[in-house]
Amino acid sequence: MINGAHVILFSRDAEADRAFIRDVLGFPGVDAGGGWLIFKLPPAEMAVHPSETPGHELYLMCEDLDGQLARFAEQGVEVTRPVTEQGWGRLTAVRLPSGFELPLYEPSHPVAHSL
């Protein structure tokens with residue numbers, strides 16, 4: 001039986017992004033050996049969208065986007081996209097220390113992660 005999922009982010013500055021995930025997002029983790037941190041994620045869900053080009057995306061979800069953005073502002077986290085209303089929720093993104101964007105949204109759709 002499948003009992004989890006393992007997400008990998010490829011980064012130009014893995015150490016800085018790991019520190020961001022640990023210190024800013026507050027995700028606990030374990031050292032898998034040699035300083036390779038593996039973080040516990042919040043409950044998750046997976047969707048499959050039609051596309052001619054294969055690929056994967058990662059979005060973090062929150063219940064209160066405005067509150068989360070206020071906490072990020074207190075921590076000096078750069079918001080890289082204005083909040084937009086999508087048909088499925090409110091979307092924005094923050095910048096990781098490596099320069100990559102990490103999308104974040106407040107869903108308006110039914111969520112599956114608590115099933």
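Predicted model: local features only at pLDDT ≥ 70, side-chain atom pairs only at ≥ 80, totals over all residues.
Residues are numbered from 1 along each chain as its sequence is written, and side-chain values use heavy atoms, with hydrogens and water left out.

The structure holds 3 aromatic pairs (Phe, Tyr or Trp rings, the six-membered one for Trp, with centres within 6.5 Å; planes under 30 degrees apart are stacked, over 60 edge-to-face and the rest tilted). One of them joins Y59 and W88 in an edge-to-face arrangement, 6.4 Å centre to centre with 80° between the planes. Because Y59 lies in the loop between β2 (37-39) and β3 (60-61) and W88 in the loop between β4 (79-86) and β5 (89-95), this pair ties together parts 29 residues apart in sequence (strands are DSSP E runs of at least two residues, numbered from the N terminus).

Y59 also forms an edge-to-face pair with Y105, at 6.0 Å centre to centre and 90° between the planes. Y105 belongs to strand β6 (residues 101-107) and Y59 to the loop between β2 and β3, so parts 46 residues apart in sequence are tied together. Within it, Y105 is buried at 8% relative accessible area, whereas Y59 is partly exposed at 31% and W88 partly exposed at 33% (buried, under 20%; exposed, over 50%; partly exposed, in between; 1.4 Å probe, protein chains only).

The charged end of R12 sits over the ring of F100, 4.5 Å from its centre (NZ of Lys or CZ of Arg within 6 Å of the ring centre and within 35 degrees of the ring normal). R18 lies over the face of W36, 4.7 Å from the ring centre.

Note on methods. Helix = DSSP H or I, 4+ residues; strand = E, 2+ residues; numbered from the N terminus.
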